[in-house]
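This report walks through a few local features of one protein chain. Look over the sequence and the fold before reading on.

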Amino acid sequence: VTLETLDAIAQACPNFVGIKHAVDDLGFVSKCLAHFGMDFRIFVGLEDLSFPMMAVGACGLMNAVGNLMPRKLSRMCEAIWAGKLKDARKLHEQLFEINQAVFYDTNPIPMKYMMRRLGLLADNEHRLPMVPATAEVEKRLDGVLARCGFLDAGR
């Protein structure tokens with residue numbers, strides 16, 4: 001989506017107030033806010049860009065890792081809103097590996113595996129053409145979950 005497309009939507013829809021931005025383009029956040037003003041709402045849709053996008057003006061997250069680590073994510077958001085960027089960055093660093101793990105395969109394959117592994121989902125169902133994680137991806141995700149403190153080394 002381009003800035004011109006968003007501008008056309010804004011002109012056609014008076015209730016257009018924001019977007020979910022799930023593209024690896026940090027500069028686009030600044031462009032949108034400069035064009036539409038700081039009241040324009042941008043929600044970050046890429047986990048590993050949560051901190052930097054919010055630091056430049058995104059207002060919140062649509063973040064799958066919130067299903068696993070809601071307190072840590074909310075603390076990061078609160079630190080950003082309070083201007084405590086050093087604290088927020090530390091939380092971002094603590095979340096970074098699990099944020100990247102969401103994309104070890106097509107999302108939501110890794111997320112559903114991790115949620116089922118932790119007992120947050122009863123089944124690891126997927127609509128075709130998606131299928132559950134491979135054994136190799138499961139092993140990588142188990143390592144991430146262990147390093148994040150969710151699993152004992154022997155489990």
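## An exposed arginine and its partner

R147 counts as exposed, at 55% relative accessibility. Here buried means under 20% relative accessible area, exposed over 50%, and partly exposed in between, with a 1.4 Å probe and protein chains only. R147 forms a salt bridge with E97, with the closest N and O atoms 2.5 Å apart. R147 lies in helix α7 and E97 in helix α5, so the pair ties together parts that are 50 residues apart in sequence. E97 counts as partly exposed, at 28% relative accessibility. A salt bridge is a side-chain nitrogen of Lys or Arg within 4 Å of a carboxyl oxygen of Asp or Glu.

The model is predicted: local features need pLDDT of at least 70, side-chain atom pairs count only at pLDDT 80 or more, and totals for chains, interfaces and linings use all residues. Residues are numbered from 1 along each chain as its sequence is written, and side-chain values use heavy atoms, with hydrogens and water left out.

## The other salt bridges

The structure holds 3 salt bridges. D142 pairs with R117, the closest N and O atoms being 3.0 Å apart. D142 sits in helix α7 and R117 in helix α6, so this pair ties together parts that are 25 residues apart in sequence. R117 is partly exposed, at 24% relative accessibility.

R89 forms a salt bridge with E93, at 3.3 Å between the closest N and O atoms. Both belong to helix α5; being 4 residues apart, they are separated by about one helical turn. E93 is partly exposed, at 48% relative accessibility.

## Helix α7

Helices (H or I, at least four residues) and strands (E, at least two) are DSSP runs, numbered from the N terminus. Helix α7 covers residues 135–147. Its 13 residues reach 18 Å from first C-alpha to last, close to the 18 Å expected at 1.5 Å a residue. That expected span is 1.5 Å times one less than the number of residues.

The buried residues of α7 are V137, L141, D142, G143, V144 and L145. What covers them includes α5 (85–101) and α6 (109–117). Just after α7, G149 takes a positive phi of about 90°.

Strand β2 (residues 41–44) has a covered face, I42 and V44, and an uncovered one, R41 and F43. In a regular strand the side chains alternate between the two faces of the sheet.

β1 (residues 18–21) and β2 run parallel, joined by 4 bridges. K20 has F43 as its bridge partner in β2. β2 also runs parallel to β3 (residues 60–61), with 2 bridges between them. Strands pair if DSSP finds at least two bridges between them.

Methods
Contact = heavy atoms within 4.5 Å.
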